[in-house]
Amino acid sequence: MLRELVANRELFPIGGTAFAVTPTLREAYASGDDDELAEVAMGESARASLRLLAAERDDVAESSEPSEGGTDPVGGTEPGAASHRPVYRRAVIAADVTDAKLRPDLDDAVVRLTGPITYERIASVHVDLAEAEPEVAKAVDVVDAADLGDTDAEFVLGDAEDHQLAWYAAQELPFLLDLL
């Protein structure tokens with residue numbers, strides 16, 4: 001999705017789903033200024049990015065299944081399949097958006113966007129560093145179980161969430177993607 005954003009200069013969030021500091025989120029916390037509540041919304045967005053990584057992993061697994069007789073004698077899969085593996089890093093795009101609709105039926109910080117996020121609206125991009133990848137990969141496998149209350153899964157998810165997302169300016173995104 002980040003590569004699509006750089007290439008097309010806009011991004012359509014899946015289902016228009018995004019996260020923001022909403023009135024419902026403010027009500028859910030007894031205290032906290034806008035910056036603290038923005039961190040909560042960013043955490044929710046980072047958790048949602050785990051689900052996007054799971055979907056990408058599943059798509060890659062389906063598309064890289066060797067066709068009949070199409071195995072590579074060294075790696076066991078078709079050439080190039082490994083180059084399409086997901087990069088297990090959570091990513092959050094912070095953007096200035098005014099036309100979001102509240103979705104308290106989904107969660108306190110969830111909003112629905114009515115259009116794309118254009119490159120000009122991006123305030124910053126937040127991405128895991130390389131050392132977070134092993135924990136993020138494990139979290140991708142258990143995020144749904146954690147949301148359903150599995151305490152072991154919550155610990156695994158917590159290990160990933162202990163990693164702070166690194167801050168990047170929007171103009172740094174193409175260079176960041178080249179390094180991934």
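Modeller: T17 stands opposite R112, which belongs to β5. This is a predicted model, in which local features need pLDDT of at least 70 and side-chain atom pairs count only at pLDDT 80 or more, while totals for chains, interfaces and linings use all residues. Residues are numbered from 1 along each chain as its sequence is written, and side-chain values use heavy atoms, with hydrogens and water left out.

β2 and β5 (residues 110-113) run antiparallel and share three bridges. Two strands count as paired if DSSP finds at least two bridges between them. Strands (E, at least two residues) and helices (H or I, at least four) are DSSP runs, numbered from the N terminus. In general, strands of a sheet pair through backbone hydrogen bonds, parallel or antiparallel.

Now the whole sheet. Three strands form an open sheet in the order β2-β5-β4, with antiparallel pairing. β2 (17-19) and β4 (100-102) are the edge strands; each has a single partner, so one side of each lacks a neighbour in the sheet. On average, neighbouring strands are turned by 45 degrees against each other, direction ignored. The axes here are lines fitted to C-alpha atoms, for helices over the stretch in contact, and angles run from 0 to 180 degrees between N-to-C directions.

Next, the loop between β4 and β5, where R103 sits. What does R103 touch beyond its neighbours within four places in sequence? Its contacts there are V110, V111 and R112; contact means heavy atoms within 4.5 Å. T22 lies 81 residues away from R103 along the chain, yet their C-alpha atoms are separated by 9.3 Å. R103 is buried, at 18% relative accessible area. The limits are under 20% for buried and over 50% for exposed, with partly exposed in between (1.4 Å probe, protein chains only).

The R103 side chain forms a salt bridge with D105, at 2.6 Å from N to O. A salt bridge is a side-chain nitrogen of Lys or Arg within 4 Å of a carboxyl oxygen of Asp or Glu. D105 is exposed, with a relative accessible area of 55%. Elsewhere, salt bridges with shared partners join R47, R51, D144, D147 and E161 into one network. The whole structure holds eleven salt bridges.

D147 and R47 meet through their side chains at 2.8 Å, N to O. R47 is partly exposed at 22% relative accessible area, and D147 is partly exposed at 39%. R47 forms a salt bridge with E161 too, with the closest N and O atoms 2.9 Å apart. E161 lies in helix α5 and R47 in helix α3, so this pair ties together parts 114 residues apart in sequence. E161 is partly exposed, at 31% relative accessibility.

That brings us to α5 itself. Which residues of helix α5 (residues 151-161) are buried? They are A153, L157 and A160. They span an arc of only 50 degrees around the axis, which puts them on the same side of α5; the arc is that of the directions from the helix axis to the C-beta atoms. These buried residues pack against α3 (34-63) and α4 (133-147). The face turned away from them carries exposed D152 and F155.

Five of its six residues are buried, so β7 is largely enclosed by the rest of the structure. β3 (residues 91-95) runs antiparallel to β7 and is joined to it by five bridges. Within that pairing, A95 has I122 of β7 as its bridge partner. β8 (residues 166-168) pairs with β7 in the antiparallel sense over three bridges. There, H126 is bridged to W167 of β8.
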